[in-house]
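I opened the notebook to look up where a ligand sits and what lies around it. The entries follow the order in which I checked things.

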Amino acid sequence: MSPLPDFLRPLVISGPSGVGKSTLLQRLFAEFPDKFGFSVSHTTRAPRPGELDGKHYHFVTRDGFQDLIREGAFIEHAEFSSNFYGTSFMTVRDISQTGRRCILDIEAQGVRQIKATNLNAVYLFISPPSLSALRERLRGRGTESEASAAKRLATALKEIEYAKEGAHDYVIVNDDLDRAYDLFKRVALGEQIRSDPLPPLDD
Ligand code: ADP
Ligand code: 5GP
């Protein structure tokens with residue numbers, strides 16, 4: 001049996017908070033409104049200004065989230081920066097029935113869990129050019145308190161350690177946005193690209 005073309009496999013993107021994942025995704029969905037289906041996760045975190053329930057996330061209470069875990073609703077779920085996040089079976093199934101490529105934006109614990117399923121996904125890591133650039137972007141976005149930004153930056157190191165293990169099929173360094181988007185688009189459309197080298201990220 002010949003392997004599935006990459007375009008028919010779900011695409012899992014991950015990378016530290018503030019690296020530019022949502023920015024890249026937004027551009028992709030604007031350029032190709034009919035090709036992709038975003039896996040809308042459930043989360044217990046509060047919506048940011050402009051975020052819509054059902055579009056960016058399904059915003060739920062902690063009790064609601066626990067109920068969903070008990071019901072077996074999630075393919076994977078994880079605690080990140082004091083909030084819970086999870087991907088439901090229903091979301092991924094609904095997208096697969098549309099013929100669009102399913103794209104998941106999840107953190108490293110979720111990536112490990114998805115890898116243990118039969119989802120047969122392609123894994124893409126978005127890396128910052130440096131830790132100082134990441135710090136600047138996260139703070140520049142203006143969505144996090146100082147404590148939340150510090151927590152997210154500490155967790156970023158774990159995401160980076162996981163990428164250093166070679167866990168992903170592709171690495172793209174989001175330095176220049178246009179350059180990173182061009183590579184991202186090619187991976188999303190099912191092309192096999194040459195990964196960027198992972199920067200040292202020790203600054
Ligand atoms: P994530 O979804 O990974 O948490 P965002 O997409 O919200 O990250 O991006 C975090 C911040 O960094 C935003 O303010 C965004 O405009 C900015 N940003 C994204 N890509 C770049 C880039 N290549 N260069 C500089 N700033 C960027
Ligand atoms: P944010 O709060 O910035 O939207 O997301 C924080 C982190 O949670 C990001 O790394 C994002 O990829 C991850 N995330 C979003 N949805 C899910 C999910 O359903 N499962 C897991 N494991 N992580 C998620």
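Entry 1. I looked up the place of ligand 2 and found it in the largest pocket. A pocket is an open set of points on a 1 Å grid over the protein atoms alone, where a 1.4 Å probe fits, with protein on both sides within 12 Å along at least five of seven lines. To sit there, more than half of a molecule's atoms must lie within 2 Å of the grid points.

Entry 2. I noted how the model is described. It is predicted, and local features need pLDDT of at least 70, side-chain atom pairs count only at pLDDT 80 or more, and totals for chains, interfaces and linings use all residues. Residues are numbered from 1 along each chain as written, chains are lettered from A and ligands numbered from 1 in the order written, and side-chain values use heavy atoms, without hydrogens and water.

Entry 3. I counted 16 residues around ligand 2, with Ser41, Arg45, Tyr57, Tyr85 and Asp105 the closest; near means a heavy atom within 4 Å.

Entry 4. I checked polar contacts (pairs of N or O atoms within 3.5 Å). An oxygen atom of ligand 2 is 2.5 Å from a side-chain N or O atom of Tyr57. For the side chain of Arg48, the distance from a ligand 2 oxygen to an N or O atom is 2.8 Å.

Entry 5. I looked at the pocket lining, meaning residues with an atom within 4 Å of a point. It has 40 residues, and Tyr57 and Asp105 are among those nearest the centre.

Key
Polar contact = N/O pair within 3.5 Å; in protein donor to acceptor, adjacent residues only side chain to side chain.
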